[in-house]
Amino acid sequence: MYSHLFFLNDAFIKKVHEKIPHISMPLILEFAVYYEVKKQFNIEDLDLDDANLPDYRTVVQMYNEHISQTTGLAQSDIYYSFIILQKCNDLFILLRNAHHLLESAISTLMTAGFTESIPAGNAGLLRQQVLSQIRDRAGSYILTAYDMISVRNSVSRNSFPVKQAISTIEETVFLKQLCTNLEQELKRNNPTFAARALWGVIRSGWERMQEIFNRDMLAPAVASNPAEIEEIPDNDDLGDLPAVLFKPNGKIDFDSLLTPAPEEPVVFHMDNDEHLAELASQEGFEYRKHIDDQNNKLDVVGIDLLSGGKGAVARERIKEGEIFTVYVGDELTEDEAKTNPKYQGQTHYFMRIGSSKTIIDARKTGNVARFFNEGNVTNAEYQIRRFVETTGTIGKEIVVTATRDINPGEQILVDYGKAYEYGEDIQKIFLHKSDGPYNSRQLLHKYREEYSDTLIQFDNRGEDEKANKPGQLHGLYFDELENSIVPVALADILANKPVVRSMQNPDLPVLFLKEDNQLQENRTTERLSSLMVASYLGHYEGVVALLKMNADPLMQSRRAGFSSLHMVMVGEYYGVSTGDSNSRRKIISEFKVDANLLLADDDEMTAFDWALKLDKSDCLEELIKGLTPAVLSSLLNHNDRAADKIARLIGENKLDHCRILFDEIAKRSHMHKPDIKTLLNHYSLFVQITQSSENARNPVLSPLELWKKIEAGEYTPPVNPNDKKRRRVSAPAKYSGELFFNEKKKKTERKASKKEESGKTKEKDVVLSPALFGESTLKVKTRKSKDVQEQTSLDCKK
């Protein structure tokens, strides 16, 4: 059924490359898989009619020609077979999900029949609206299902490096057996069962496959124009860089920099007794092994950025959830730690067991756990574990567990907790999992091929230390002129090249030269990665290319603690841009997937806090778009009250920032906490007052004064004396029992007085002129009561 896919070989790949040079081998195979599988499942291939996919049509046409000319004896290369099967597995999983979406569409449409059966009556319009929503929802399910199996959105979800040779007969036999097992599973027509079986077979042999092909599962993918990735060439000609903030400054003399060759750093293997004895002697502690210590997986090395401090790195892969050591040391009570003078200022190795008063002191006695450093982005954590002691009582101990898979070479980083204090004499260093024992010369020597041959000079224009005026590159902590050795990918990005060279280690730092053309030590400079610099400059294409090489957006600069997301905001703050007006917004949308928005720099500012500092609101709008209420609330209340942040924005006349924030809050106001809901109500009143015509004619308070009064509950609407219809309302008096009863007494007296007056007879004086009427009797109404009217006769004498 799928045997045609296994006829693809080097000849076919080469033929396609001749016609479409820019397309990669994994992409060619992926096109073939998508076409063949959709054909076998009788799925109409709409991608063939898509004008934006000319390469797909070309590959499919050449694929059909190839299989029509190939005999059944031809076989695919083993490496190609493995990629094909992996792509099939991925597509089967997508097919299964698409199948579920189609089932949802059918179920949704079934409700339309029930809705149509409801009599129209007065709800005719409502029924039509419901039917329209049902059909729209079903349509979205169907479109999403097809998008899942379209090469337009699914291209290069998995990528593979250049084909490598298989060195031993044993490896060949293993791969052939793996491919045979996978091919047998492909004979099943049901994509659900086939996908599960394929995944199981691939997983069982994946580690062995990694060893054979010497690659990581997340190898760099092929980027699209204008920032593609290619292999590192032999020469390094950057041409002319735009002389705005950086320029080429000649070729680098690597021979003089690396002569004599630097020595390899010292590594202590924790499963080697001699190494343990030497390490304990250097650090002045007694090594105590715990039964759960997996010393064969850990090494202790000097961490260059710590200026002599040490750390622990993984020698072998540590799986997520695995307990690989226990924090060991001398036990003491909290009272001892506070009162005994010998512990004063010596608490850096203290670890409290939960909320108890028992403390583990690893200063003089300990194991490998005493070397774990702290990082903002961790890969391990401390947990409390109960155990039964020899006396039968229940004890507690601190174990260290991997929070994710830790790869060989990664530094073990944990969170010391909020209560930990570094002390005034210790500067916090923002460590990264890639930090190790290599100084600048050792780093350049080890990764020579991944650094550019061209010296780059950064020009921090406008820097004036005497006038305390920062330059445009102030956020990168550059001096006025700084000569540097940059990774090849960053060199291509700075030169605006259409192709960015690939790097196996995209997080390598920029290296700096001193005035005597000798390398500065990394521990004396700011640690900057290529992704940080590209983000600072607002170079969107360069950022995308680096992310596809798996550059880490969570890495922070050594001193300032800026992540790449921070750098986007900091670059905008200092007015630096090498892209279009929307480039920073596009970069933020790329980082929001993986970046931890709560990462704080050395001043405890998140990227959100930096976005509030900007004059324009574009970055803020992109950053908070679609955030969950929990995350947005955490950002608003990070290191300060949300109300205080809003007050500062209003005081700085950043009303557009406020509008964007509260528009996002209002979208899901019912899910926010009470304090945020209260702020939203205050802001609604604030907008209502500031936009009223009366306030526009005669503003009584400034915006900040108005906001503070609203927040404090002290705002009273002003009264216009010319408005006769409006009754003057005095401010509510403070509650007083005497005042209350006096008012009540007065009110009662007023009611009684009215009632008494209404029951009395109202006399009227009548004056008549006798000359006018003569002598007669007149009936005059002189008294009025509720029931009768009395008459009186008056004798008028002439």
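# Exercises on strands, helices and loops

Strand β7 (residues 323–326) is joined to strand β14 by 3 bridges, and the two run antiparallel. Helices (H or I, at least four residues) and strands (E, at least two) are DSSP runs numbered from the N terminus, and two strands pair if DSSP finds at least two bridges between them. The model is predicted: local features need pLDDT of at least 70, side-chain atom pairs count only at pLDDT 80 or more, and totals for chains, interfaces and linings use all residues. Residues are numbered from 1 along each chain as its sequence is written, and side-chain values use heavy atoms, with hydrogens and water left out.

## Exercise 1: strand β14

Task: Find which residue of β14 is the bridge partner of I323, and state how many bridges join β13 to β14.

Solution:
- Step 1. I323 has T401 of β14 as its bridge partner.
- Step 2. Strand β13 (residues 380–388) is joined to β14 by 9 bridges, and these strands run antiparallel. One partner pair is V388 with I394 of β14.
- Step 3. Between β13 and β14, which form a hairpin, there are 5 residues; G392 in the turn has a positive phi of about 95°.
- Step 4. Buried means under 20% relative accessible area, exposed over 50%, and partly exposed in between (1.4 Å probe, protein chains only). In β14 (residues 394–402), 7 of the 9 residues are buried, so the strand is largely enclosed by the rest of the structure.

## Exercise 2: an open sheet

Task: Give the order of the 3 strands in the open sheet that contains β3, β5 and β6, and say which strands stand at its edges.

Solution:
- Step 1. The order is β3-β5-β6, with antiparallel pairing.
- Step 2. β3 (267–269) and β6 (310–314) are at the edges; each has a single partner strand, so one side of each is left without a neighbour in the sheet.
- Step 3. On average, neighbouring strands here are turned by 30° against each other, direction ignored. Axes are lines fitted to C-alpha atoms, for helices over the stretch in contact, and angles run from 0 to 180 degrees between N-to-C directions.
- Step 4. Between β3 and β5 (residues 298–302) there are 3 bridges, in an antiparallel arrangement, and V267 has V301 of β5 as its bridge partner.
- Step 5. Helix α11 (residues 273–283) packs on this sheet and touches β3, β5 and β6; its direction makes about 125° with that of β3. Contact means heavy atoms within 4.5 Å.

## Exercise 3: two crossing helices

Task: State at what angle the axes of α2 and α3 cross, and which residues make the contact.

Solution:
- Step 1. The axes of α2 (residues 25–40) and α3 (residues 54–69) come within 9 Å and cross at roughly 75°.
- Step 2. Angles under 35 degrees count as roughly parallel, over 145 as roughly antiparallel, 65 to 115 as roughly perpendicular and the rest as oblique. α2 and α3 are therefore roughly perpendicular to each other.
- Step 3. From α2 the contact takes I28, F31, A32, Y34, Y35, E36 and K38, and from α3 it takes D55, Y56, V59, V60, Y63 and N64.
- Step 4. These residues divide into 9 nonpolar, 1 polar and 3 charged. Ala, Val, Leu, Ile, Met, Phe, Trp, Tyr, Cys and Pro count as nonpolar, Asp, Glu, Lys and Arg as charged, and the others, Gly among them, as polar.

## Exercise 4: helix α24

Task: Work out what span helix α24 should have at 1.5 Å a residue, and list which of its residues are buried.

Solution:
- Step 1. The expected span of a helix is 1.5 Å times one less than its number of residues.
- Step 2. Helix α24 (residues 674–690) has 17 residues and should span 24 Å; its end C-alpha atoms are 24 Å apart, which agrees.
- Step 3. The buried residues of α24 are I676, L679, L680, H682, Y683, F686 and I689.

## Exercise 5: S564

Task: Is S564 buried or exposed, and which residues is it in contact with, leaving aside neighbours within four places in sequence?

Solution:
- Step 1. S564 belongs to helix α17 (residues 564–573).
- Step 2. The relative accessible area of S564 is 0%, so S564 is buried.
- Step 3. Leaving aside neighbours within four places in sequence, the contacts of S564 are L531, M532, S535, P553, M555 and F591.

## Exercise 6: backbone in the loops

Task: Say where E604 and N639 are found, and which residue a cis peptide bond joins to P260.

Solution:
- Step 1. Most residues other than glycine have a negative phi, and most peptide bonds are trans.
- Step 2. E604 is in the loop between α18 (583–591) and α19 (607–613). Phi of E604 is near 60°, a positive value, and E604 is partly exposed at 37% relative accessibility.
- Step 3. N639 is in the loop between α21 (629–636) and α22 (642–651). Phi of N639 is near 60°, also positive, and N639 counts as exposed at 53% relative accessibility.
- Step 4. The cis peptide bond joins T259 and P260, with omega about -5°; P260 lies in the loop between α10 (254–257) and β3.
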